[in-house]
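Thanks for coming, everyone. I'll take you through one model this morning. Please have a look at it first.

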Amino acid sequence: RFGQTGFGVMRRYDRSRSPRSSKSDWISRTLAQIGRYKDRRPQGLFVDNSGAMKLHNLMKSWGHQQGVTEEDIKKAVRDNLINERTQ
């Protein structure tokens, strides 16, 4: 699904075919999917009824495995808070 991380192994955002896609966009899209679809959630992640999740739990169950930092996640959320296409 998201690929494994490690030396020499590419993460999903690294393999994007779109040259405009960024790590921040990839994180944002992935978080939206995790929040919306139970079958896409990593084991151990708790998502409440509103789709909210705690950062420390997200990092433990998904972030560290994907090679992203808390700052990467915070930046992705900030950068993608407003979807200009829906304005």
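Let me start with how elements are assigned: helices (H or I, at least four residues) and strands (E, at least two) are DSSP runs, numbered from the N terminus. With that, Asn49 sits in the loop between α1 and α2.

Now the ground rules. This is a predicted model, so local features need pLDDT of at least 70 and side-chain atom pairs count only at pLDDT 80 or more, while totals for chains, interfaces and linings use all residues. Residues are numbered from 1 along each chain as its sequence is written, and side-chain values use heavy atoms, with hydrogens and water left out.

The overall layout. The protein has three helices and zero strands. From the N terminus on, the order is α-α-α. There are 87 residues, and 26% of them count as buried. Buried means under 20% relative accessible area, exposed means over 50%, and partly exposed is in between (1.4 Å probe, protein chains only). The accessible surface comes to about 6,700 Å², by the Shrake-Rupley method with a 1.4 Å probe; for residues, only the protein chains shown count as cover. Carbon and sulfur atoms hold 48% of that surface.

Contacts next. Contact means heavy atoms within 4.5 Å. Take the contacts with a separation of 6 or more: 45% of them join residues 24 or more positions apart.

Now the helix pairs. Axes are lines fitted to C-alpha atoms, for helices over the stretch in contact, and angles run from 0 to 180 degrees between N-to-C directions. The axes of α1 and α2 come within 13 Å and cross at roughly 145°. That crossing is right-handed. Handedness works like this: left-handed if the near helix is turned anticlockwise from the far one by less than a right angle, right-handed if clockwise.

Which residues of α1 meet α2? They are Trp26, Ile27, Thr30, Leu31 and Ile34, and they meet Leu58, Trp62 and Gln66.

On to α2 (residues 55-66) and α3 (residues 70-79). Their axes come within 10 Å and cross at roughly 115°. This crossing is right-handed. Leu55, Leu58, Met59 and Trp62 in α2 meet Glu70, Ile73 and Lys74 in α3. That contact has five nonpolar, no polar and two charged residues.

What is in the largest nonpolar core? Twelve residues, among them Trp26, Leu45, Trp62, Val68 and Ala76. Such a core is a set of buried Ala, Val, Leu, Ile, Met, Phe, Trp, Tyr and Cys residues joined through side-chain atoms within 4.5 Å. α1 (23-36), α2 and α3 each give two or more residues to this core. α1 gives the most, with four.

Trp62, in helix α2, is at 1% relative accessibility, so it counts as buried. Its C-alpha atom is 6.3 Å from that of Pro42, 20 residues apart along the chain. Lys23 belongs to helix α1. Lys23 is at 27% relative accessibility, so it is partly exposed.

Note on methods
Ala, Val, Leu, Ile, Met, Phe, Trp, Tyr, Cys and Pro count as nonpolar, Asp, Glu, Lys and Arg as charged, and the others, Gly among them, as polar.
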